[in-house]
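Hi,

Here is the structure I promised to pass on. Have a look first, and then read my notes below.

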Amino acid sequence: MPIVKSFPQFVFCLLPFLVFAQHIETLHSGTGISLRGLSVVDDKVVWAGGSGGTVGRSVDSGKTWKWIQVKGFEKTDFRDIEAFDAATAVVMGIAEPAYILKTNDGGNTWKVVFEDRRKGMFLDAMEFWNEQSGIVIGDPLDGRIFIARTFDGGDTWQGLPPQNYPMAKPGEAMFAASGTNVRPLSKKEACFVTGGTVSRLFIRNKTIDLPLLQGRETTGANSIAVYDNKKQRPAKHMVVVGGDFGADSIGIQNCAVSKDGGNTWAIPETPPKGYRSCVEFIAKKKLVSCGTTGVDVSEDGGMNWKLISEEGFHVCRKAKNGKAVFLAGKDGRIVKLVW
C-alpha cells in the first residue's frame with residue numbers, strides 16, 4: 001500500500017463548518033413611538049428616547065423594558081439621550097420649548113436642567129466626553145449655530161458667548177435624526193456636521209466642505225462616526241453618512257470617509273443602500289449604518305458596505321463599555337446586531 005506522507009489540503013474543504021453572518025435580532029416593537037435617542041452603557045444597560053415624552057430602559061440586554069412617559073412632557077420629542085448607568089441619564093427634547101432633563105433614579109423622577117423658549121430654538125444632538133463634560137448643539141439662531149456645555153454631568157448648561165457661536169450659511173442647519181451629528185475627537189475637543197443647502201464639518205474655527213448630497217432642506221450629513229484608538233488624538237478616521245431623507249432610496253453621495261481628521265475625503269466604492277441617518281464604529285475597521293431603507297455594515301473602514309436588512313431604523317449605537325450594538329426606529333422597534 002502507498003504511504004500517505006501528507007494530508008491532502010483539499011480534504012479540509014470537506015470538514016463541516018458554520019458561517020455566522022451579521023444579522024439583527026428583534027427585541028421590542030409595536031408601541032407606536034418613534035425612537036431616535038439611544039444610549040448603550042454596557043452589554044446590559046440600554047436607554048432609549050422617543051416621541052410622546054417617552055423614555056425606555058432595559059437592564060437585561062434589551063430582553064425586557066421599562067417604559068416611562070415623563071409627566072408634563074407628553075408632547076415633547078426626546079431625540080437624544082445620554083445614560084451613565086442604570087440610574088442616571090440625560091434626555092434632550094428638541095423644540096419650542098427646548099428642554100434637557102435628568103434622572104438619577106432610573107427614570108422615576110426627572111429634573112429640568114435646561115430650558116429655552118426662544119422662537120426657532122431647536123436642539124439636534126448631545127455628546128459627552130465622560131460623566132461630567134458634555135455638549136449640546138442646535139440649529140442656527142440669527143445665523144449662528146447654538147452650542148451649550150455642561151461640566152457637572154448635565155446638572156447645569158451654559159451657552160457659549162454669543163460672539164463665539166459658529167456662523168451658518170443661509171439654509172444650513174442640522175438634523176435631529178439620531179443624536180450623532182456631534183462627536184468627540186479627543187478628551188476636550190468635538191466636531192459636528194451640518195446639512196441643508198450646504199453640508200460641512202466643523203472643528204473649532206475650521207470648516208470643511210463635505211462631498212455629500214446638498215442644496216435642499218432634506219439633504220446633507222446626518223451623522224458622523226469617529227474612531228478613537230486612544231493613541232492617536234485628535235482622532236483621524238471619520239465616516240459621515242446622510243443623503244436625502246426626502247428621497248431615501250437614492251444611494252449616491254450618502255457617505256464619505258476621511259483618514260486624516262477631515263482634511264480630505266474619499267467616496268466609498270460600494271456605498272450604503274440609500275439615505276442613512278446614523279453611523280457607528282463597532283471595531284477598528286468595522287461599522288454599522290442605518291436609515292429608513294435598511295441597515296448596512298462595512299468591514300473595511302467604510303469604503304464598501306453590505307446591506308444586511310431592509311428594515312428601517314433611525315439610530316444605531318455600540319456599548320460604551322462592552323460589545324453590544326443596538327438599533328432603534330419607528331413603532332418602538334429595538335433590535336440587537338448579532339456580529
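Predicted model: local features only at pLDDT ≥ 70, side-chain atom pairs only at ≥ 80, totals over all residues.

Now the overall build. The protein chain has 29 strands and zero helices. Its radius of gyration is 21 Å, close to the 20 Å that the globule rule gives for 339 residues, so the chain is as compact as a globular protein of that length. The C-alpha trace spans about 90 × 45 × 40 Å along its principal axes. Of the 339 residues, 55% count as buried. If you take the contacts with a separation of 6 or more, 50% of them come from residues 24 or more positions apart.

On charge, I get 42 positive and 36 negative side chains, with the centres of the two sets 5 Å apart.

Next, the inside. The largest nonpolar core has 31 residues, and the ones that touch the most other members are I100, L123, V136 and W157. Strands β7 (89-93), β8 (98-103), β9 (111-116), β10 (123-128), β11 (134-141), β12 (144-150) and β16 (190-193) each supply at least two residues of this core. Another core, of 26 residues, lies apart from it, with I24, L38, A48 and I334 among its members.

Leaving aside residues up to four places away in sequence, its contacts include M92, I94, Y99, I100, F114, V136, F146 and A176.

Finally, some backbone details in the loops:

- E96 and P97 are joined by a cis peptide bond, with omega about -5 degrees.
- D142 is not a glycine, yet its phi is positive, at about 55 degrees. You will find D142 in the loop between β11 and β12. D142 is exposed, with a relative accessible area of 82%.
- R204 also has a positive phi without being a glycine, with a value near 55 degrees. Look for R204 in the loop between β18 (200-203) and β19 (206-209). R204 is exposed too, at a relative accessible area of 58%.

That's my tour; over to you.

Cheers

Terms used: Residues numbered from 1 in each chain as written. Heavy atoms only, no water. Core = buried A, V, L, I, M, F, W, Y, C linked by side-chain atoms within 4.5 Å. Buried < 20%, exposed > 50% of the residue type's maximum accessible area, 1.4 Å probe, protein only. Helix = DSSP H or I, 4+ residues; strand = E, 2+ residues; numbered from the N terminus. Contact = heavy atoms within 4.5 Å. Rg over C-alpha atoms; globule rule 2.2 N^0.38 Å. Lys, Arg positive; Asp, Glu negative; His and termini not counted. Charge placed at Lys NZ, Arg CZ, Asp CG, Glu CD.
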